[in-house]
Amino acid sequence: MSGSVHRTMGQQSGRRSWAEPWKIKMVEPLRMTRRGDRERALAEAGHNTFLLRSDDVYIDLLTDSGTGAMSDRQWAGMMVGDEAYAGSRNFYRLEEAIQRWYGYRHIVPTHQGRGAEHLISQAAIRRGQYVPGNMYFTTTRLHQELAGGIFADVIVDAAHDPADRSPFKGDVDLGKLEKLVGEHGASSVAYVSLAATVNMAGGQPVSMGNVRALREFCDRHGIRLFLDATRLVENAFFIQEREPGYAGKSIAEIVREFCDCTDGAWMSAKKDSLVNIGGWLAVNDRSLFEELRNLVVVYEGLHTYGGLAGRDMEAMAIGIGESMEDDHVRSRIGQVRYLGELLEDWGIPMVQPVGGHAIFLDARAFYPQLAQDQFPAQTLAAELYLDSGIRAMERGVVSAGRDAVTGGHHYPKLELTRLTIPRRVYTQAHMDVVAESVKAVFDGRAAARGLRMVYEPRYLRFFQARFDPL
Ligand code: P71
């Protein structure tokens, strides 16, 4: 694998191609619905796509989380699950895979990403400490706040501008970090929380140069650097493509080099690692590991299963290996880009450059007539569903929630509707349907009136909030 970056059959002959390195062995039928059915379903769901039944959805682009298709090898692995309460053989296979591909020493399995976020936040944050990060993620920030931490956004300014085409819009602005440490002192910083890629910025990558500079900064100040590795494989693709010196390195080599700059990581394996459920936490420090291993038995399960079945850990171990293959990553991101290029040709406003896992439509630019508290991105998600049964996700003011101190809405600069592409699930023809539907909704944009929130839950409100049309 070392040094060899593979090409598709088309690319070997100088042709443009991202075609998939697999074929389809099993299919899942989808149901076609009529506009009247969709109007009823959307009203019942309070205009919130999280509350739709998936049977009422045609193309489900809500999330790429846990929605990928497992390979025949992963399914075969499910059959060799060792469901022992303690010391399952599949745990050791998982541990070995994480050590081999990500390079960390000590591993704690968790049921999914937020389980790992909970444990690391409880173990590594003291009440009142700052947690600087490259943009917030909903569950990450919530767990940091529940542990008494204060999240501070230190991402580069370009990340907040959908039109800015900088190649590494996920980078940390070291000036912002320096300022925070200068003002409050290094001991008031719990750790740097670095995500690769940055979900809420549009799946934007972090450069290797940036993580190296962060490592140096953290060493100088005695601050730990922890990584959200959920979509690191996709981040590695952008480094391979865009950063000088990396074109000849494999995805696996880049992933390893990136992790080597950090003190540990948490993972939602439901994304990069091609499983329907699973996550982990990994650190190099032995005493922190002991603490995490003690916490996991309180909240998740024994330290050799962390809330998972043995078979889930086996599928994850195999999925990690598959996710590191250059052919796989190229076709995955190639499909996202294919959709992006269709939309760009039609002048649809969206976050540029297109990121690793999704297209993020710029709902403010769709609906300049709507104020942010009329929920433009939620409105756009509802319109897409009505048009053709496509399910997208709001990533704007509803997702941003309320300020932990003042109680007012967070008003994020980015008001986006995410079309998230599951891995190895939909075809190019499905992407054409999506593009045509987005175009139709864009053409009808002047008629949109917005929404009013009529029910708001306390935590992570976007999951269960309800809306009425204005
Ligand atoms: C996504 C998700 C799943 C999700 C989470 C919250 C609201 C809506 C959808 C989950 C992530 C993620 C990153 C970078 C940690 C988690 C939590 N993303 N970090 O994008 O993207 O992992 O879902 O396994 O608990 O749809 P978890």
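Trainee: Leaving aside its neighbours within four places in sequence, which residues is methionine 78 in contact with?

Mentor: Met70, Arg311, Asp312 and Ala315. Keep in mind that this is a predicted model. Contact here requires heavy atoms within 4.5 Å.

Trainee: Where is methionine 78 found, and why is it called buried or exposed?

Mentor: Methionine 78 is found in helix H3. Its relative accessible area is 18%. Buried means under 20%, so methionine 78 is buried.

Trainee: What separates the C-alpha atoms of methionine 78 and glycine 310?

Mentor: A distance of 8.2 Å, although the two residues are 232 apart along the chain.

Trainee: Take serine 88. Where is its place, and what makes it buried or exposed?

Mentor: Serine 88 sits in the loop between helix H3 (72-78) and helix H4 (89-101). The relative accessible area of serine 88 is 2%. The limit for buried is under 20%, so serine 88 counts as buried.

Trainee: Which residues does serine 88 touch, not counting those up to four places away in sequence?

Mentor: Asp82, Thr304, Gly310 and Met313. Gly310 also came up with methionine 78, as the other end of the 8.2 Å separation.

Trainee: How many of the 470 residues count as buried?

Mentor: The share is 60%.

Trainee: And what share of contacts joins residues at least 24 apart?

Mentor: That share is 73%, taken among contacts between residues at least 6 apart in sequence.

Trainee: Which residues touch the most other members of the largest nonpolar core?

Mentor: Tyr102, Leu227, Phe258 and Trp280, in a core of 63 residues. Apart from this core lies another, of 33 residues, with Tyr58, Leu384, Ala392 and Val434 among them.

Trainee: What is leucine 227 in contact with, beyond its neighbours within four places in sequence?

Mentor: Its partners include Tyr104, Leu194, Ala196, Phe258 and Trp266. Ala196 has its own point of interest: a cis peptide bond joins alanine 196 and threonine 197, with omega about -10°. Threonine 197 is in the loop between strand S5 (192-195) and helix H8 (208-221).

Trainee: What joins glutamine 352 and proline 353?

Mentor: A cis peptide bond, with omega about -15°. Proline 353 lies in the loop between helix H13 (326-345) and strand S9 (358-362).

Trainee: What is phi of methionine 135, and why is this residue called buried or exposed?

Mentor: Phi is near 75°, a positive value in a residue other than glycine. Methionine 135 belongs to the loop between strand S3 (130-133) and helix H6 (138-146). The relative accessible area of methionine 135 is 8%. With buried set at under 20%, methionine 135 is therefore buried.

Trainee: What is phi of phenylalanine 375, and how do you know whether this residue is buried or exposed?

Mentor: Phi is near 55°, again positive in a residue other than glycine. The loop between helix H14 (363-366) and helix H15 (376-388) holds phenylalanine 375. Its relative accessibility is 3%. Under 20% is the test, so phenylalanine 375 counts as buried.

Note on methods: Residues are numbered from 1 along each chain as its sequence is written. This is a predicted model: local features need pLDDT of at least 70, side-chain atom pairs count only at pLDDT 80 or more; totals for chains, interfaces and linings use all residues. Side-chain values use heavy atoms; hydrogens and water are left out. Buried means under 20% relative accessible area, exposed over 50%, partly exposed in between (1.4 Å probe, protein chains only). A nonpolar core is a set of buried Ala, Val, Leu, Ile, Met, Phe, Trp, Tyr and Cys residues joined through side-chain atoms within 4.5 Å. Helices (H or I, at least four residues) and strands (E, at least two) are DSSP runs, numbered from the N terminus.
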